[in-house]
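These are notes for a colleague, in numbered points. Please read them with the model open.

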Amino acid sequence: MAATNTLSDKAIRAAIKAATGRDKPHALNDGGGLSLLLQPTGAAWWRLRYWLSGRENRLSLGVYPDVSLADARTRRDQARKLIAAGVDPSEARKADKVERIARVEAQALAAAGLPGPGTFEHVAREWLTTVHQVKVSAGHAERTRIRLEQDVFPWLGRRPIAELEAPELLTCLRRVEARGAIETSHRIKDSCGQVFRYGIAIGACTRNPAGDLKDALRPVESRHHAAIVDPKLGGELLRDMMAYAGHPVTRAALKLSALLILRPGELRHMEWAWIDLDEASLTVPGAVMKRTKVNKANGAPHVVPLAPQAIATLRELHPLTGHGRYVFPSLLTGERCMSENTVRGALRRMGYGNDEMTAHGFRAMARTMIAERLGIAPEVIEAQLAHAVADALGRAYNRTQYLEQRREMMTAWADYLDQLRDGAQVIPMRAA
């Protein structure tokens with residue numbers, strides 16, 4: 001067995017003096033793979049030569065005399081214990097360095113009042129940036145962030161995500177319930193569940209306690225947008241709209257809400273560039289539609305056939321707003337579209353309360369009356385309402401499906417609205 005600990009400080013100092021000025025480095029062996037590499041400049045580095053898995057490796061142990069002979073031997077012996085256990089000391093050193101850096105960063109974050117790695121808030125913010133913002137719209141992501149910051153982070157943000165259990169999360173959600181925000185509590189639970197699932201994926205935790213709270217929260221009472229679906233009351237509404245004494249642009253928005261049955265956001269963002277009056281069609285870009293972020297970017301546009309009554313309304317409106325971008329510009333500045341409260345406010349001024357009729361209610365009104373009074377096939381109505389088809393293949397197939405049927409339906413719907421407005425007796429039609 002080769003001798004170890006063969007060097008002394010006196011011998012090292014003498015060797016360094018003798019090696020200074022030489023043409024090439026010179027090594028002094030201390031045994032056990034430890035050597036001191038002497039440079040012509042007078043510098044000296046400790047090196048450990050070792051074998052692992054049949055491969056030769058070298059590990060730096062520091063500079064002499066900053067690392068003394070005794071310290072170098074201690075480091076050699078520690079490394080050899082790792083090697084004997086099958087652990088590469090070089091890789092172990094890298095792991096220790098990463099751990100030290102992480103510990104320093106965590107201490108700095110704690111000192112600054114910020115969440116450290118492994119905490120719920122840290123994982124949640126990483127999920128928001130890495131996953132959530134990529135999948136959903138900017139507004140959706142912002143609402144999620146605000147909910148977490150206001151209702152979760154103050155209580156659970158600094159807690160290690162791996163230690164959180166269902167009762168602790170439930171206590172947090174109960175605070176939201178207590179202020180009457182039942183739907184918000186469910187949305188927060190769902191968001192937390194996604195954070196935990198992301199935490200499992202990255203190794204920050206091993207289970208999702210939000211899944212244990214399925215029946216622990218008060219149920220959300222399903223509330224639909226108020227809508228008039230009785231033909232007689234619908235006729236009264238249409239007559240009130242015709243007599244509306246407000247701004248003519250707002251009156252046109254009311255009329256087209258009924259004729260086009262778009263979502264309120266799609267209607268108020270409508271641009272003149274989307275409209276082809278000669279072709280009697282309106283093409284709503286996918287980015288404006290109610291879709292996932294990916295489908296907004298890649299999905300097909302929604303084509304809306306224009307009935308003669310809709311074309312007439314748009315032609316009347318064009319002299320007022322056709323010089324700008326939006327069909328319904330803001331009454332304060334033409335640089336933005338009209339407010340989301342414009343149509344709602346007009347309905348209120350006509351005497352319709354929020355529990356009687358809403359801007360979104362025009363869609364429910366059309367969905368109900370077209371099916372019940374005009375006998376149109378449900379799939380044609382759903383296609384016009386741009387409701388998502390359950391499977392991806394169906395969505396691809398339905399991009400242009402029913403366009404001619406929808407054109408006939410929109411004209412029949414506009415004619416039916418005229419009859420309701422004029423007070424004529426309307427006999428329900430049934431599909432042959």
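1. Ile275 faces Leu282 of β6. The pairing between β5 and β6 (residues 281–284) is antiparallel and runs over two bridges; two strands count as paired if DSSP finds at least two bridges between them. Helices (H or I, at least four residues) and strands (E, at least two) are DSSP runs, numbered from the N terminus.

2. This is a predicted model: local features need pLDDT of at least 70 and side-chain atom pairs pLDDT 80 or more, while totals for chains, interfaces and linings use all residues. Residues are numbered from 1 along each chain as its sequence is written, and side-chain values use heavy atoms, with hydrogens and water left out.

3. The strands β5-β6-β7, in that order, form an open antiparallel sheet. β5 (275–276) and β7 (302–305) are at the edges with a single partner strand each, so one side of each has no neighbour in the sheet.

4. The largest nonpolar core has 59 residues, and Leu282 and Leu306 are among those that touch the most other members. A nonpolar core here is a set of buried Ala, Val, Leu, Ile, Met, Phe, Trp, Tyr and Cys residues joined through side-chain atoms within 4.5 Å. Buried means under 20% relative accessible area, exposed over 50%, and partly exposed in between (1.4 Å probe, protein chains only). The largest share of this core, eight residues, is from α10.

5. Which residues does Leu306 touch, not counting those up to four places away in sequence? They are Leu260, Ile275, Leu277, Ala280, Ser281, Leu282, Ile311 and Leu314, with contact meaning heavy atoms within 4.5 Å. A second, separate core of 27 residues includes Leu148 and Ala181.

6. Two residues other than glycine have positive phi. Asn5, in the segment before α1 (9–19), has phi near 55 degrees and is partly exposed, with a relative accessible area of 40%. Ser53, in the loop between β3 (44–52) and β4, also has phi near 55 degrees; Ser53 is exposed, at 74% relative accessible area.

7. The peptide bond from Tyr64 to Pro65 is cis, with omega near 10 degrees. Pro65 belongs to the loop between β4 (55–64) and α2 (69–84). Most residues other than glycine have a negative phi, and most peptide bonds are trans.
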